[in-house]
Amino acid sequence: MSRDTTGSTKPFHLTRRTFIQGSGLVAGGLALGVTVPLPARADSAATQAPTELNAFVHIAEDGATTLYCGRCEMGQGISTALPAAVADELEADWERVTVLQGDADEKYGPQATGGSRSINVMFTPMREAGAAARAMLVTAAAQRWGVDPSVCYAENHVIRNRENGRTLGYGDVAAAAAKLPVPDKPVLKTPDQFRYIGQPIPRHDMGEVVVGTRTYGADTRLPGMKFGAIRHVPVLGGTVRSFDADEARAMPGVVDVIRIDPIDDGYSSLGGVAVVADTTWQAQQALDRVKVEFDAGPHAVYNSPAYKKELVRRVEASAEPVHTRGNLEGAFEAADKRFAATYVGGHLSHSPMEPMASTVWVRDDGCEVWASTQDPAGIQRTVGKFLGIDKNDVTVHVMMAGGAFGRKFKCDYVHEAAALSKAVGAPVNLTWSREEDTKTGFYHSVSAQHIEASLDEEGNVTGWLHRAAFPSIASTFNPSVDRPSEGDLEALANHPYGIVNLQVESGLAPAHTRIGWYRAVYAIFYGFAINAFTDELAEKAGQDPLEFYRRIYRNNTNPEQKEQVERSLAVLELAAEKGGWGKDLPEGHGLGIAVHHSFESYVAMVVHAEVDGDDIRVHRVDCAVDCGLVLNPDQATAQMEGAVIMGMSLALYTEVSFRDGEVVNSNFHDYPVLRANEAPPEIHVHFTNTDATPTGLGEPGVPTFAPALANAIRAAGGPRHRSLPIKPTTV
Amino acid sequence: MPSTLRINGKDHDIDVDDNMPLLYVLRDVLQYTGTKFGCGRGLCGACTVHLDGQATRSCLLPVSAAAGREITTIEGLSDDGTHPLQLAWIEHRVPQCGYCQAGQIMNAASLLRGNPSPSDEEIDDAMQGNICRCGTYNRIKKAIRSVATATTEA
């Protein structure tokens, strides 16, 4: 499984086959579409047999409408945004809509949720699903009345006959509609007809969240279930040499002590020893008494502080050129000024508030999984491989994820729960301890980047050398990968600066731990280095940073990048205007600006910081966003607010360090994240809100915060920070 | 040891190790899963419940220390989800993933019980023990302030 980290998208088209798979009989009425196994939980529409108009739209005979979300919800709001698009085209009354999460099933299209792609990939198919269902309901009503469908229209859960004013409810005609052919090209609304798209519709599940009934991967409870606790092999590639579980086995509530070995799969468990018991606490207590001897393996050499220095050394010397254009040497020779700087970042742990968690029940007839996940199909593949069964015999119920940030794409924790369930013959919930979550993750890459640029007399950037060294995500799937690939570095070559004379080089960086996708991925350190360096260049050129940014972008005359340049400039100007760029500030205060294009969206931030010795406070953030059409302004704003907080965590505090191959951090005391009292009191989010194709927002907000803060600290009279985090924790 | 826990006004007979933290009794024995595990060390606040109305980290509290006292979890903060903070959380659209929010709400309810109109600094102080990785802090504070103000005006 690969996930594109550059943000390019392959559109998902609902073919007739995936959209509607023939007609069939379901209990209580005729329906088109595949028979959908309803989730084993109470369905608000269960009083009436639901009629399936397509995979995403079910309408019961009383009109109660269930819309399925095929993408995974982890707090980004997708389970409201996509169903709202369906409901809009369906002309459904949102008050009569219940949203349910779809199980793993190809009929929903690609469910793997990452790369900020749900909106890009699914917005149009979701509208088509709603519009097709609406057309079928209209046709069914017209047939009932014996009139031409053109005289009928749908409005707010009712079909109206224009000629005589008669009406039929959606529930009245749903069964008949389900028997009709599916329109090939359903007519979509024009934007002026939208009723939910573009509106700040509240999340569909907030009522459950505030009373504690929203169920997450950690929350599944089944009769006869057991609970697990696990201690992993602490070093990548290490093994369990031996373990003595006699004392643990004798403890109250303990069912078994089980060794878990890795399998040949990119999402495999690291391996370790686990206890299954009647409760999680008993399992943890017993696990503490298991005496385990590990063989550390070759990565026991890994010490991340020394490794970072090594990466710096590699990018400050010649590396392997992967993208070259123009005449960099010539530009450097003709330069009025040349300037170079090196930027460094540490490993990050996602640390969602819900650690890795799932419940698995392995039975003779297959396997059932309840998991917080971003990739249900990945679970089917990995668990199917582990159990030696067909992936379709692995049923995956996609649970609400208590945060994920890229980590829950990898299903090592589900593999482990499956191993435990298989061993004890009962359903097992495995929720990792925070220590295991911190110590055995798939980490954001440690990185070093060296940039050298030339300026002419007017302060135009004439050449740009960018060397980057970081362990690639590809190394997790192919250990022979030992440096960033051409694809990994493409975002540097394609950056909308479009510097004419450019070279991008890849530095050697073999991985010594599992590298994963962390919210915004490589854009975190690319965004930091490019923006921090731009601010330094502006200083060298004696120019105001905003003016310097304008100059760089306007100098890009490549017609293929016209749109990128215009949209980058638009958010830059909007952030500058709203953030009061150039205003007078008290001593010790400063404004910093940054802009970055990632995952098809454009974000700029102005950060207002105050620096007093080591004390850094952020008073205000103005965030300007171009994600095309904004589907839900409130949820889009929330994503940016969250990106600022996560950006501030990684700018100031978060770093995972390794000693002798093991992670030294363990919990929130030595992996501190931003807390409520440190949050910027004012975060203002501004949208250009164009009618361009909507693009995702889960990630693009993260990359701009850290450089805007670093630039603000400098403007406030503080030092230049080229290494993140600014305030590392000593462990 | 067999004992009785009073949770959300209902008595539950249990028979578990006295040292088992209340969190695991709630979640794994009695299936009150609204209270969440976050860190197991009292560092994040996800497991916050009320003990006689006071916010308490249930991941560290031995169940024996909770016996004979009034335990309130998110499921029992109100009968029907209409505690002013629950309503404010919806009005201000606080939750993203929502996992930490039970702990946030329980902590805020305890704060307002002792101090019905806290200053911004007092809110910061009281809420800094509850981590949210999605970054909903400003909405949390806005929701608390809205209830605090309403209380002051009443």
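pLDDT is the predictor's confidence in each residue, on a scale from 0 to 100. That matters here, as you are looking at a predicted model. Chain B averages a pLDDT of 96, and 97% of its residues score at least 70. For the model, the scores are ipTM 0.97 and pTM 0.94.

**Chain B on its own**

- Chain B holds five helices and five strands.
- Read from the N terminus, its elements follow the pattern β-β-α-β-β-β-α-α-α-α.
- The C-alpha trace of chain B spans about 45 × 30 × 25 Å along its principal axes.
- A compact globule of 154 residues would have a radius of gyration near 15 Å, and chain B agrees with that because its own value is 15 Å.
- Of the 154 residues in chain B, 56% are buried.
- Take the contacts in chain B between residues at least 6 apart in sequence: 61% of them join residues at least 24 apart.

**Where chain B meets chain A**

- How many residues of chain B are in contact with chain A? There are 48, and they touch 48 residues of chain A.
- On the side of chain B that touches chain A, at least two residues each come from α1 (22-29), α2 (84-91), α3 (101-114), α4 (120-127) and α5 (137-153) of chain B.
- The largest share of that side comes from α5(B), which gives four residues.
- By residue type, the side of chain B that touches chain A divides into 23 nonpolar, 15 polar and ten charged residues.

**The seven-strand sheet in chain A**

- Seven strands of chain A make an open sheet with mixed pairing, in the order β12-β13-β10-β20-β17-β18-β19.
- Its edge strands are β12 (254-260) and β19 (394-399) of chain A, and each of these pairs on one side only.
- From one strand to the next, the twist of this sheet averages 20 degrees.
- Inside the sheet, β10 (residues 226-232) and β13 (residues 272-277) of chain A run antiparallel and are joined by six bridges.
- To find your place in this pair, look for Arg231(A), which stands opposite Val273(A) in β13(A).
- Helix α7 (residues 280-289) of chain A lies across β10, β12, β13 and β20 (428-431) of chain A, and runs at about 35 degrees to β10(A).

**The six-strand sheet in chain A**

- Another open sheet of chain A has six strands in the order β15-β23-β22-β21-β16-β30, again with mixed pairing.
- Why is one side of β15 (320-325) and of β30 (723-724) of chain A left without a neighbour in the sheet? Both stand at the edges, and each has a single partner strand.
- Eight bridges link β21 (residues 447-455) to β22 (residues 461-469) in chain A, and the two strands run antiparallel.
- A handy landmark here is His450(A), which stands opposite Arg467(A) in β22(A).

**A loop residue in chain A**

- Where is Pro191(A) found? Look in the loop between α4 (170-178) and α5 (206-209) of chain A.
- Is Pro191(A) buried or exposed? Pro191(A) counts as exposed because it has 10 C-beta neighbours inside 10 Å, and the cut-off for exposed is 12 or fewer.
- Pro191(A) and Ala334(A) are 143 residues apart along the chain, and 52 Å separates their C-alpha atoms.

Definitions and conventions: Residues numbered from 1 in each chain as written. Chains lettered and ligands numbered in written order. Predicted model: local features only at pLDDT ≥ 70, side-chain atom pairs only at ≥ 80, totals over all residues. Contact = placed C-beta atoms within 7 Å. Nonpolar A, V, L, I, M, F, W, Y, C, P; charged D, E, K, R; others polar. Rg over C-alpha atoms; globule rule 2.2 N^0.38 Å. Buried ≥ 20, exposed ≤ 12 C-beta atoms within 10 Å, placed from the backbone. Pairing = 2+ DSSP bridges. Axes fitted to C-alpha atoms, helices over the stretch in contact; angles between N-to-C directions.
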